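Please find below a short note on the model under review.

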Amino acid sequence: INEFSAVINPPQAAILAVGGGVKKVVLSTPYDESKGIDEQPKPGIRNVMTARLSADRRVVDEPTVGLFLSALRYYLNKPELLML
């Protein structure tokens with residue numbers, strides 16, 4: 001299963017649906033924290049997965065959901081930080 005949407009069941013406030021990884025051609029931009037972006041994007045084959053968060057808007061507002069997904073992406077891109 002590459003992608004799906006999850007249904008919230010009471011009393012849940014949110015549920016995360018994680019799809020499987022698929023190899024896709026994507027543009028990758030080398031990034032150096034001290035210099036910023038220093039080269040043109042180059043195509044490459046990467047594993048890409050989907051993550052969808054369904055949330056009850058009565059409990060969790062959209063900016064909070066966005067912060068959670070941003071943090072999830074950050075830690076998935078740098079898994080060594082999860083070991084600390």
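**Notes on the predicted model**

1. L16 is located in strand β1; helices (H or I, at least four residues) and strands (E, at least two) are DSSP runs, numbered from the N terminus. The model is predicted: local features need pLDDT of at least 70, side-chain atom pairs count only at pLDDT 80 or more, and totals for chains, interfaces and linings use all residues. Residues are numbered from 1 along each chain as its sequence is written, and side-chain values use heavy atoms, with hydrogens and water left out.

2. L16 counts as partly exposed because its relative accessibility is 32% (buried is under 20% relative accessible area, exposed over 50%, partly exposed in between; 1.4 Å probe, protein chains only).

3. Together with V18, M49, F68 and L76, L16 forms a nonpolar surface patch of about 410 Å² accessible area. Two or more of the patch residues come from each of β1 (14-18) and α1 (62-77). Such patches take residues with over 30% relative accessible area and no salt bridge, nonpolar side chains (Val, Leu, Ile, Met, Phe, Trp, Tyr) being joined within 5 Å; a salt bridge is a side-chain nitrogen of Lys or Arg within 4 Å of a carboxyl oxygen of Asp or Glu.

4. One aromatic pair is present (ring centres of Phe, Tyr or Trp, the last by its six-membered ring, within 6.5 Å). Y74 and Y75 make up this pair, at 5.4 Å centre to centre and 80 degrees between the planes, which is edge-to-face (over 60 degrees). Y74 is partly exposed at 42% relative accessibility, as is Y75 at 37%.

5. A13, in the segment before β1, is partly exposed at 25% relative accessible area. A13 and R57 lie 44 residues apart in sequence and 8.4 Å apart in space, C-alpha to C-alpha.

Key:
Patch = residues over 30% accessible without salt bridge, like charges linked within 9 Å, V, L, I, M, F, W, Y side chains within 5 Å. Areas by Shrake-Rupley, 256 points an atom, 1.4 Å probe, with all protein chains shown as cover. Phe/Tyr/Trp six-rings, centres within 6.5 Å; stacked < 30°, edge-to-face > 60°.
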